[in-house]
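Here is a short briefing to keep beside you while you look at the model. Take a moment with the sequence and the structure first.

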Amino acid sequence: MKYPKQEIQEESRKLLAIGSPIIATQLISMGLNFTDTVMAGNLSALDLAAVAIGNAIYMPVGIFCMATMIAINPVVSQFLGARKFDEIGKSARQLFWLILMLAIPAFFLLRNLDLVMVWMEVTPEIIPIADGYLKAISWGILPLLVYAGARYFSEGLSVTKPAMFVATGALIVNIGANYVLMYGKLGFPKLGAVGTGYATAIVSLFAAITFVTFLAFFQPFKRFHIFAPLKKPEWEYIGELIKVGVPNGVSSSMEVLLFASVSLLMGTLSVKAAAAHQIAINVAATMFMIPFGLSLAISQRVGFSIGQGSLEKARFRGFVGIVICAGVMTFTAILLFLFPEFIIGIYTSDPEVTFVAVSLLFMAAVFQISDGLQVGGFGALRGLKDTRVPMVVNFISYWVVGFPTGYILGIHLGYGPEGLWIGLICGLTVAAFLHNYRFNKLTKAASGLDY
């Protein structure tokens, strides 16, 4: 079945109208990591490496929890499409219980991960600083999940601009808190990389309070009765969030865990290798925020179509989004190929770190399109509430293909940082193919379309 050019353009316009503020939010949020990395790098290579290692361990935990929160997006978007407004409010209220179920164990886990660094044989001088960073950042996990739940709820209803403004405020708060706590200003002790962790916790609290306040006063949301008296856990709603969210959280954390494991392996090579990898992965992650933001918009558009009872529209809207993701990442790949030295120069002037980071940035350019395709396909599947099979796909892609390939090449055969990154390329490419194959198969078979 063919769609007219005008309809494709109209859907692209709607997707970008929803997705652009999300992209801006993601890029601004990446500014938090950017400022952490740059400000730590201005202290010392050791502080930068500690932030890299600490963040690598924190991210799988944080991403699992936040990606589980994303379940509220397709849940409420499908209810919106079906015009079941009471169900939207009930789902939002029951999300609070899921937040507690995730935040409490995550808090204690983050405070007891130093043995992981010892087990991974991270350079000994890095470990105590990275451990202090993790203990500091653990204080922000509860407010982080409150913010994430509120944000993804709003985005599931196509209200995406508020998160952009909150993220802007959070970036300003982060810069100020980093300056005071990392460098020891205004009478505070100089905490270095550990100060970055405390600053991040403060930022999470700011974001949570600000966004919940918005939800309380935003008039169009009054009809959902979000802040009606909270009842005891209702497992019909919590179960749906867990059913969609936990596989999504596992899927996302497996991808992040792959990158985190590579970061930890870099720490076994040298401080310089770990620092170069942190810079290159920060650049790649910043680029990734564009298709990731679009993937949340794709989930909303696909979920809304399902709520309306139209799988055909879901297929059309999903593939329009996936193609846009691929196009954007083609452009970012070109930027990374053409200007690697300039980009690395923003982060560091250390010649040894720069040399390694530039070579890794070339490799990041190679996997840009695969990264865009996999996250776009993943977002479309999430809009269908199909998250269990994608979880298996991510396990195969990242842990059967990606990690073993990188470990064999980078560590066993001695190709170092470049060998580890070849594993990343392989894993992302397999995920890109399998996610899009599944979305095509599900929507084609169910809708009877012939393309």
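Predicted model: local features only at pLDDT ≥ 70, side-chain atom pairs only at ≥ 80, totals over all residues.

Residues are numbered from 1 along each chain as its sequence is written, and side-chain values use heavy atoms, with hydrogens and water left out. Helices are DSSP runs (H or I, at least four residues), numbered from the N terminus.

**Salt bridges**

- The structure holds 7 salt bridges, each being a side-chain nitrogen of Lys or Arg within 4 Å of a carboxyl oxygen of Asp or Glu.
- One of them joins Glu-11 to Arg-301, with the closest N and O atoms 2.8 Å apart. This pair links distant parts of the chain, since Glu-11 is in helix H1 (residues 5-41) and Arg-301 in helix H11 (residues 271-307), 290 residues apart.
- Glu-11 and Arg-301 are both buried, where buried means under 20% relative accessible area, exposed over 50%, and partly exposed in between (1.4 Å probe, protein chains only). Together with Arg-317, they are linked in a network of salt bridges.
- Glu-240 and Lys-385 meet through their side chains at 2.8 Å, N to O.
- Glu-240 is partly exposed at 25% relative accessibility, and Lys-385 is partly exposed at 24%.
- Lys-135 and Asp-131 form a salt bridge at 2.9 Å, N to O. Both lie in helix H6 (residues 127-137), 4 residues apart, about one turn of the helix.
- Lys-135 is partly exposed, at 27% relative accessible area, whereas Asp-131 counts as buried at 13%.

**Pockets**

- On a 1 Å grid over the protein atoms alone, a pocket is an open set of points where a 1.4 Å probe fits, with protein on both sides within 12 Å along at least five of seven lines; lining residues have an atom within 4 Å of a point. Grid points are joined across faces, edges and corners, and a volume is the space filled by probe spheres set on the points.
- The largest pocket holds about 320 Å³ of space. Its lining has 15 residues, and the closest to the centre are Ala-92, Arg-93, Phe-96, Ile-226 and Phe-227.
- Helix H4 gives the most to the lining of the largest pocket, with 5 residues. By class, that lining has 13 nonpolar, 1 polar and 1 charged residues; Ala, Val, Leu, Ile, Met, Phe, Trp, Tyr, Cys and Pro count as nonpolar, Asp, Glu, Lys and Arg as charged, and the others, Gly among them, as polar.
- The second largest pocket holds about 280 Å³. Among its 17 lining residues, Val-116, Trp-119, Leu-257, Ser-261 and Leu-264 lie nearest the centre.
- H10 gives the most to the lining of the second largest pocket, with 5 residues. This lining divides into 16 nonpolar, 1 polar and no charged residues.

**Cysteines**

- The structure holds 0 disulfides, a disulfide being a pair of cysteine sulfur atoms within 2.5 Å.
- Cys-65 is buried at 3% relative accessibility, whereas Cys-426 is partly exposed at 28%.

**A buried threonine**

- Thr-200 sits in helix H9 and is buried, with a relative accessible area of 18%.
- Leaving aside neighbours within four places in sequence, Thr-200 is in contact with Asp-36, Ile-137 and Asn-174, where contact means heavy atoms within 4.5 Å.

Definitions and conventions. Helix = DSSP H or I, 4+ residues; strand = E, 2+ residues; numbered from the N terminus.
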